[in-house]
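Colleague: Please take a close look at one part of this model, namely the pairing of its aromatic rings, and explain step by step how that part relates to its surroundings.

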Amino acid sequence: MSNDVIPLNMLNPSIATAGGKGASLGILTHENIPVPDGFVILSTAYNRFLESTGIKEKLLKLLAGIDIKNPQRVEAVSGEVSGLIINAELPADLSTDILMALTRLETALVAVRSSAIAEDSSRASWAGEFESYINTPERMLLKNIKKCWASLFNPRAIHYSLHNGFPLCGPSIAVVVQKMIQPDIAGVCFTANPITKNRGQMLIDAGYGLGKAVVEGLITPDSYTADKKEWRIVDKQISHQASMLINGAKGGTREKQVPKSRRDKQKLTDHQIAGLLKLCLKIEDVFGTPQDIEWACENQAFSILQSRPIVSMVTKEVVSKAT
């Protein structure tokens, strides 16, 4: 395997070219936190792709003189740039290495997630600006990797770069590829209360099916608040959930009805909540700052999909290094 494609369990935690998400997952893997097996396509692969295809100069020309006050032009340029990236061929050795790494995972479906190489600046954070593609089959893997790269130039990211005075070709990007979890329940955990800024509380949101529905606000999840010192649940908000997102058999997602007998039940048991709190507190200890954690529960076992600082509770310098 080339130096551009690194298994998570072999990733040097200090490597900058893995991006925030990749580096974070690599650290958690080394700390024996349950993380789905996977690999990282380093930002060096993206940079090599731009050079080998000869499209870097074309991108620079298209992006020159773009004005965020002209949203139609931003949209048009974004589409042209994305088309150049998505339609270009990957270097043959890189394609081979990626597909070999996929074979080693022994799975039919993977999650393909952008991992930004953030500007090391206190002025802004790139968190949430770029795309990810869950439940990706092998036939779509290389294309979805290029779509992650192309999301560097989606209209939102272009506007963000120009608004913050960053060069449009300044940031780079890595991509994380992991075994796809088929969760029964999924959601997020905040290891401090992001609303009240109370570091003595932890908040969990939980819903049936894929966590995408929770993260994107497609459902109203259960919400549990716990006291970190006393290890007790201090508040529960149990929601009605009639439908959930699940993985499609051949890729993508589909909606499924929740059985009527489960729609108004507490999603996680108190015992599961306690186990998740313990796991997430360990993650906070690893990083030394309050964390925003995406988790999934499959067959009663928890997996951590992502961990990053709670934006409102850490310095911007810390956030910029963890996007």
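Modeller: Rings of Phe, Tyr and Trp, the last through its six-membered ring, count as a pair if their centres lie within 6.5 Å. The model examined here is predicted, and it holds three aromatic pairs. One of them is formed by Trp 295 and Phe 302, with 5.7 Å from centre to centre and 75° between the planes. Planes over 60 degrees apart count as edge-to-face, and the pair of Trp 295 and Phe 302 is therefore given that description. Both Trp 295 and Phe 302 are buried. Ring pairs also link Tyr 46, Phe 49 and Trp 149 into a cluster.

In general, strands of a sheet pair through backbone hydrogen bonds, either parallel or antiparallel. Within this sheet, strand E7 (residues 201–208) and strand E8 (residues 222–227) are joined by six bridges. Asp 205, for example, has Ser 223 in E8 as its bridge partner.

For comparison, a helix also has buried residues: Ala 157, Ile 158, Tyr 160 and Ser 161 in helix H7 (residues 155–163). These four cover an arc of only 165° around the axis, which puts them on the same side of H7. Their cover includes helix H3 (56–63) and helix H4 (71–87).

Technical notes
Residues numbered from 1 in each chain as written. Predicted model: local features only at pLDDT ≥ 70, side-chain atom pairs only at ≥ 80, totals over all residues. Heavy atoms only, no water. Buried < 20%, exposed > 50% of the residue type's maximum accessible area, 1.4 Å probe, protein only. Helix = DSSP H or I, 4+ residues; strand = E, 2+ residues; numbered from the N terminus. Arc of directions from axis to C-beta. Contact = heavy atoms within 4.5 Å. Pairing = 2+ DSSP bridges. Phe/Tyr/Trp six-rings, centres within 6.5 Å; stacked < 30°, edge-to-face > 60°.
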